[in-house]
Amino acid sequence: MIMIAYYVITAFILCLVGWNFVREKKKPDDLVLYLLVMIPLLLRLLRVK
Amino acid sequence: MKERGMKREGLVKAAMAGAFLGLVLWGGLPLFRHRHHDIPIIKGPGVTTVLRLSDFSPRLKGTAGDTPIFVLQGKEPGGKALIMGNTHANEPEGMLAALVFIENAVVDKGTLYVIPFFNNSGSRNTRPGDGYPLYFDVPTDWGSQLFRYGNRDASPLDQWPDPDVYIHYPDRQLLSFIDVRNTNRTWPGRPEGPLMERVTFGAMELMRRDKIDVAVDIHGAETMFPVTNCIVAPEKSVKIAILASLTVKAMEGFENHVEPSPAGFRGLSHREIGDYSEAMPFLLEAPIPFLDQPTGPKTTKFLLDGKDPFLLSLSKKKKLFVPYDETGWPLEKRVGQHLSVTLEIFRQFSKKTMARPIVVRGVPRYADVVKNGVGHYLGDPAKAAAGTVVMN
């Protein structure tokens with residue numbers, strides 16, 4: 001149950017950061033930071049083993 | 001004009017995302033290969049059956065927590081012993097000592113159970129923040145054998161998320177959050193608990209069902225940690241531990257003192273195995289300088305020879321708990337100590353419990369391993385007879 005909740009939270013944060021990445025127009029630094037933050041979230045969701 | 005700008009922006013973002021994906025693949029592929037690298041284990045002349053831990057803890061089936069158990073049934077009945085290596089997969093002495101038993105031991109009386117990769121998930125994990133190498137090579141008579149170098153804890157890929165605090169089962173003692181993935185804090189485990197509790201539960205079930213008399217959990221510990229170069233034993237095992245310690249010192253010339261297992265510190269094999277089964281637990285520690293913090297780079301050479309100038313300097317200032325000189329603390333000494341102490345525990349147990357003897361032959365002792373190297377006792381999987389190699 002806790003694990004499922006953590007996966008839902010991960011997906012939610014990934015969507016938020018992904019949406020910010022799409023919306024960002026001016027700051028390339030922020031784009032890089034969004035991508036960096038998305039890596040562990042994406043890997044966790046894909047369950048790459 | 002605006003449309004062209006948007007298209008360009010999209011292209012830049014796609015290129016950036018592609019570059020990041022490339023970086024992830026570049027960094028992740030070696031870890032992926034390490035996780036899936038299997039090690040050949042040759043079934044020696046004494047191995048009669050290979051079981052799985054999931055035979056005793058069914059909810060391990062199909063998970064990274066499942067691991068092979070090699071059974072060496074003796075010609076005559078007697079006592080039963082369990083040897084566990086890689087409880088902490090960054091302490092490879094235990095795994096190598098277990099492999100030497102599997103490939104060389106012949107049991108005359110009693111039965112031996114050997115689990116070389118007790119924390120199988122941990123053996124497929126690493127600690128990049130500490131600069132751990134992913135593999136190490138052990139020189140052998142036929143070349144060299146490549147092994148995965150693992151981590152102390154199971155991989156978060158297999159057990160996730162970690163709690164804020166690990167509440168030990170069943171004593172409810174509060175332990176560090178990371179200990180939920182540490183198979184030497186999750187004893188005695190439970191069948192439906194987190195993966196590592198299911199691992200220790202499997203071993204407990206094996207000990208209870210098959211009436212194991214002696215359980216030996218083989219480790220390595222830092223030279224700056226006081227509980228090193230020793231046998232940790234609870235009250236029920238301490239007499240045999242003392243006799244084994246005195247005998248190896250007198251007969252084989254190496255120190256291996258006895259440490260009492262603290263009753264108030266829960267989750268450890270040397271405490272819970274004895275409290276939750278009839279078995280006598282022993283936890284063996286040999287010094288592994290590689291695990292100390294104030295050292296030079298964590299290279300495979302250092303892992304094997306245990307030589308480090310910073311530790312040497314600390315030794316001169318009497319900051320270490322073991323003697324340390326220019327010869328370091330090589331793998332041969334560490335594995336040799338474990339083999340001799342384990343054999344001596346069996347011998348002392350057999351003398352004390354004559355109705356249930358455990359008599360093992362074919363296993364080298366300390367002086368043999370120091371002289372010939374660990375690899376001398378590992379066979380060439382390429383030349384092993386068909387059906388005798390188990391990959392893990």
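Pro188(B) sits in the loop between strand 9 (174-176) and helix 4 (195-209) of chain B. Helices here are DSSP runs of H or I with at least four residues, strands are E runs of at least two, and both are numbered from the N terminus. The peptide bond from Trp187(B) to Pro188(B) is cis, with omega near 0°.

Before I go on, some ground rules. This is a predicted model, where local features need pLDDT of at least 70, side-chain atom pairs count only at pLDDT 80 or more, and totals for chains, interfaces and linings use all residues. Residues are numbered from 1 along each chain as its sequence is written, while chains are lettered from A and ligands numbered from 1 in the order in which they are written.

Back to prolines. The bond from Trp160(B) to Pro161(B) is also cis, with omega near -5°. Pro161(B) is in the loop between strand 7 (143-148) and strand 8 (165-167) of chain B.

Next, backbone phi. Asn86(B) is not a glycine, yet its phi is positive, about 60°. Look for Asn86(B) in the loop between strand 4 (76-84) and helix 2 of chain B. Is Asn86(B) buried or exposed? Buried, with 27 other C-beta atoms within 10 Å. The cut-offs: buried takes 20 or more other C-beta atoms within 10 Å of the residue's own, exposed 12 or fewer, partly exposed lies in between, and C-beta atoms are placed from the backbone.

Lys211(B) is another non-glycine with positive phi, about 55°. Lys211(B) is in the loop between helix 4 and strand 10 (214-221) of chain B. Lys211(B) has 13 C-beta neighbours inside 10 Å, so it counts as partly exposed.

Now helix 6 (residues 269-276) of chain B. Six of its eight residues are buried, so the helix is mostly covered. Those buried residues are Ser269(B), His270(B), Arg271(B), Glu272(B), Ile273(B) and Gly274(B). What covers them? The cover includes helix 4, strand 10, strand 11 (230-233) and strand 13 (280-287) of chain B.

On to a helix pair. The axes of helix 2 (residues 92-104) and helix 9 (residues 331-352) of chain B come within 9 Å and cross at roughly 60°. Axes are lines fitted to C-alpha atoms, for helices over the stretch in contact, with angles from 0 to 180 degrees between N-to-C directions. Helix 2 and helix 9 of chain B are therefore oblique to each other. That follows because under 35 degrees is roughly parallel, over 145 roughly antiparallel, 65 to 115 roughly perpendicular, and the rest oblique.

Which residues of helix 2 of chain B make the contact? Glu93(B), Gly94(B), Leu96(B), Ala97(B) and Val100(B). From helix 9 of chain B come Leu331(B), Arg334(B), Val335(B), His338(B), Leu339(B) and Thr342(B). Contact means C-beta atoms, placed from the backbone, within 7 Å. By class, this helix contact has six nonpolar, three polar and two charged residues. Nonpolar covers Ala, Val, Leu, Ile, Met, Phe, Trp, Tyr, Cys and Pro; charged is Asp, Glu, Lys and Arg; the others, Gly among them, are polar.

Last, the chain pair. Eight residues of chain A are in contact with 10 residues of chain B. Helix 1 (2-23) and helix 2 (28-46) of chain A are the elements giving two or more residues to that side of chain A. By class, that side has six nonpolar, no polar and two charged residues.

Definitions and conventions:
Two residues are in contact if their C-beta atoms, placed from the backbone, lie within 7 Å.
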